[in-house]
Amino acid sequence: MKEINPISRVEGLGKIVVKETEGRIEDLWLEIYEAPRFFEWLLKGKGMDQVLDIVPRICGLCPVAYQMSAVEAFEKILNLQVPEHIRNLRRALYCGEWISSHSAHMFLLHLPDYFNLPSALALAKERQDFLNMGLRIKEAGNRIIELIGGRHIHPINIRVGGFYSLPSWKKLEDVLKLIEEATVLAEEFLDFTLHLDFPDFERDYLFVSLGGWEDYPITEGKIVLSDGSQIEKENYEEYFEEFQKPTSTAMYSKLKDGRHYLVGAVARLNNNYRTLPKDIREKVEGILPIKNPFKSIIARAVETLYALREAKRLLEKYEGGEPYVDYELKEGEGVGITEAPRGILFHRYRINREGKVELAKIVPPTSQNQFAMEEDLKAGLKVFNQEVLALAEKIIRNHDPCISCASHFLKLVRVP
Amino acid sequence: MGDRKLSVGIFKLSSCDGCQAVFFEVDMPFEVVYWQLGKSDSVFEDVDIAFVEGSVSTEEEREKLYEIREKSKLLVAIGACAVSGGIQALRNFGDFENVLRVYPEPNWLKVSEKSLPIKEVVKVDYEIPGCPINAQVLQDFINAIKHSRRPAVPNYPLCMQCKRLGYACVTDLKGLVCLGPITNAGCGALCPSVGRGCYGCFGPCEGANVKAFVSWLKGQGLYSREIFENENAYAEPIREVIQ
C-alpha cells in the first residue's frame, strides 16, 4: 500500500490510498481522517441566535453558508417572512462568500495544477499577475461579507429575522468601487479559463443543485436533478441517505435508489445556465454540460463573475430599512438548504417552546461529493493507467473538497 | 540570524481552517516550508517558527504535536482552538459517554475524551487568540519577528479598544450582556460596533476576573451559563466558573 498523505491544497485532512500488486496499481481510494468535533451534540440546548454564532465555526472557508442554511430552517419553523431588503442583503452577503471562496480555490489552490506547479507562490514567480488578480477579486468578496456580516471569517452580524445592524452608506460606496474593479478582472479570468488545456476525462455525473427559479439559485428554488426530476427542499431526506465506509471519518451520501451524484459549481451551472445574463451565458453555452471535472475552474469563474455583478445590482438598489423583524417563539421542526460554494448544504433542526435546539442534523456538500470523488479516482485509473498517481491529487482537488465540514457529522466513524 | 530567511511551518490539528486562511491575507517575509493547505511541495523538517492551528483531540494529533515541537524553535498557537481547545472543547464539560451516544457505534470512535489547548500538551512560546485570529494582529506578530522585536499580542480588555474606537457601551445603553470587560482586544470591537454584546471569541484577557464578572452579572439578573459556552469555554479562568 502506498499513500498520498496528506492531500495538499484542499481544506482539511485526507489521503489517497493506493493498492499495488507487483508494481501495478490495482485500486485507489480516498480516506478522510479529520477528527470529528461533535457539532450535533454541542448544538443541543442552544438558542437559535447562538446557533448562528456556532455553526460558522464548522468551516472557516464557507461560514456564511452555515449561517444561511440554519437561519432559513429557523425562520421556516417560526413562519417568519423577512422583508425584501433583508433578503437582498443576505443574497449579496452570500455572493460575497462565493466570490471569496471560489477565488481562493481558483487562484490559490487550483490554478497551479494547470501549470504543473506546486503552489500559488511558485506560480507567482512566473505569473505574478494571476496572484494579484486573485487577491483583488478575493478582497472584493471579503469586503462584501464584512460590509454586511461584520467579519469575513465567522460573521457576527447575523440573527434570526435579519441583522443586528445594517451597513453604512459610506462603506457601501467603497465596496461598490472594489466590486467594479474586480468584475473587470473576473471577466478577463473567465476568458482565460476557457482557453486552458484540460486532460481528456469525462464522467457521467448526476448533477444535483437548487434550481427551478427565475434567477441563478443561491438560497431559492427546489432541489433539481440533471435527469429532470425535482424535489421539494423539505423532502430531501426521503430521497437522499447517508452511509458509512470503514475508511472515512466522513459520511457518504447517495440517492436511495443507489445513485451517487455531484453537487457544487459545475452542477449548479449545468442545471441553471439558462438563468444567467445573456453575455455570460453565451460565453459558456457551447461547452455545457461540463462533464470533465478538470473544467470545474470554468464553472467557478462563471459564478465569480455572476456573483460580483449580482452583488453590485443588489447593493446599488439598497435603500436601508429596519435591521430585523421581531418574532414570537414557536416550537417545531424545519429544513434549510442553500448553495454553499461547494454545493447544497442541508440543515434540519427541532426547536422547543423556549427556542432551544432539541435536534440538529447537517449534511455538508463534501459528504455528498465523497462518493463521486472516489468514483473519479477509479475512473482515472482506467483512463490514465499508471499515470493516475501524478493526477490523483488533482482529481480530488477539482471538486474543492472541504474536509473539516464533512467530518463533523458522521454517524459512524472509522472501523478499527 | 544572518541573511538566511527564517523558515516557517503552518500546521493544523482539530479546527475549521479559518485561522490558516488568514495567512492568505498577510505579507510573509519568511520561507514557508510546510503548509498542507497552501502548497504541494511541503517538507516536514526543522523550522524556525511553527504556527499551529487547532486543538488536540486525538492521539494522532498529540503525536504530531510532539513532533512539531521537536522540530521548531518557536511554537506559536494560533486561534481559539489551539489557545483554549475551541468550540469542540464544550464536550469537556459533558459526560463523554453521552457525547458519544450521538453515534450508533461509539466504540469505533478514535477520538480523545477531551479537546485540549496545545499548551496542555507541549510548551508554547506565543499565543495569538481569536476565532478567527485577526489579520492585522498576525501581521504585527510577523513584523516583530522579522525585526527581532519581542512580539506584543494584545492582552488587554476589549473595552479599551471599544472606547478608543468611540462605540457606545452596549451594556450601559441597552443593558446587554457584553463579555468586553474580560475578553482580549484584537477584533476591533466588532460586536459592539453592530450594537450587540461581545460573545468572547478572542478569549479571556490577561488578569480577567471572571468570578467577579459572573457575580456582577448575577446581581444584574443577567447571568446564564450559555453566555460562556463559546469557543473559549475551556480557557482556564472561564472553565473554573462554568464547571
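Trainee: What should I know before we start?

Mentor: This is a predicted model, in which local features need pLDDT of at least 70 and side-chain atom pairs count only at pLDDT 80 or more, while totals for chains, interfaces and linings use all residues. Residues are numbered from 1 along each chain as its sequence is written, and chains are lettered from A and ligands numbered from 1 in the order in which they are written.

Trainee: How many residues are in the largest nonpolar core, and which have the most contacts inside it?

Mentor: The largest nonpolar core holds 199 residues, and A:Ile144 and B:Val52 are those with the most contacts inside it. Such a core is a set of buried Ala, Val, Leu, Ile, Met, Phe, Trp, Tyr and Cys residues joined through C-beta atoms within 7 Å. A residue is called buried if 20 or more other C-beta atoms lie within 10 Å of its own, exposed if 12 or fewer, and partly exposed in between, with C-beta atoms placed from the backbone.

Trainee: And what is B:Val52 in contact with, leaving aside its neighbours within four places in sequence?

Mentor: With those neighbours left aside, the contacts of B:Val52 include B:Phe11, B:Leu13, B:Ile68 and B:Ile118, where a contact is a pair of residues whose C-beta atoms, placed from the backbone, lie within 7 Å.

Trainee: How many residues of chain A are in contact with chain B?

Mentor: In chain A there are 42 residues in contact with 41 residues of chain B. The elements giving two or more residues to the chain A side are α1 (39–42), α2 (48–54) and α4 (84–110) of chain A; helices (H or I, at least four residues) and strands (E, at least two) are DSSP runs, numbered from the N terminus. By class, that side of chain A has 20 nonpolar, 11 polar and 11 charged residues, with Ala, Val, Leu, Ile, Met, Phe, Trp, Tyr, Cys and Pro counted as nonpolar, Asp, Glu, Lys and Arg as charged, and the others, Gly among them, as polar.

Trainee: You mentioned α4 of chain A, so how does α4(A) cross α11(A)?

Mentor: The axes of α4(A) and helix α11 (residues 296–316) of chain A come within 8 Å and cross at roughly 150 degrees, where axes are lines fitted to C-alpha atoms, for helices over the stretch in contact, and angles run from 0 to 180 degrees between N-to-C directions. That makes α4(A) roughly antiparallel to α11(A), since angles under 35 degrees count as roughly parallel, over 145 as roughly antiparallel, 65 to 115 as roughly perpendicular and the rest as oblique. Residues making this contact include A:Trp98 and A:His102 of α4(A) and A:Ala307 and A:Leu308 of α11(A), and by class the contact has 12 nonpolar, seven polar and four charged residues.

Trainee: What about α7(A) and α11(A)?

Mentor: Helix α7 (residues 169–194) of chain A and α11(A) have axes that come within 9 Å and cross at roughly 155 degrees, and they are therefore roughly antiparallel to each other. Among the residues that meet are A:Ile179 and A:Leu190 in α7(A) and A:Ala301 and A:Leu308 in α11(A), and the contact divides into 17 nonpolar, three polar and four charged residues.

Trainee: Changing topic, which residues does the cis peptide bond in chain B join?

Mentor: In chain B a cis peptide bond joins B:Cys131 and B:Pro132, with omega about 0 degrees, and B:Pro132 lies in the loop between β5 (126–128) and α5 (135–146) of chain B. Another cis peptide bond joins A:Asn5 and A:Pro6, where omega is about -10 degrees; A:Pro6 sits in the loop between β1 (2–4) and β2 (14–21) of chain A. Most residues other than glycine have a negative phi, and most peptide bonds are trans.

Trainee: Is A:Phe38 buried or exposed?

Mentor: A:Phe38 counts as buried, with 24 C-beta neighbours inside 10 Å, and its phi is near 60 degrees, a positive value in a residue other than glycine. A:Asn116 also has a positive phi, of about 55 degrees, although it is not a glycine, but A:Asn116 is exposed, with 9 other C-beta atoms within 10 Å. A:Asn116 is found in the loop between α4 and α5 (120–126) of chain A.

Methods:
Two residues are in contact if their C-beta atoms, placed from the backbone, lie within 7 Å.
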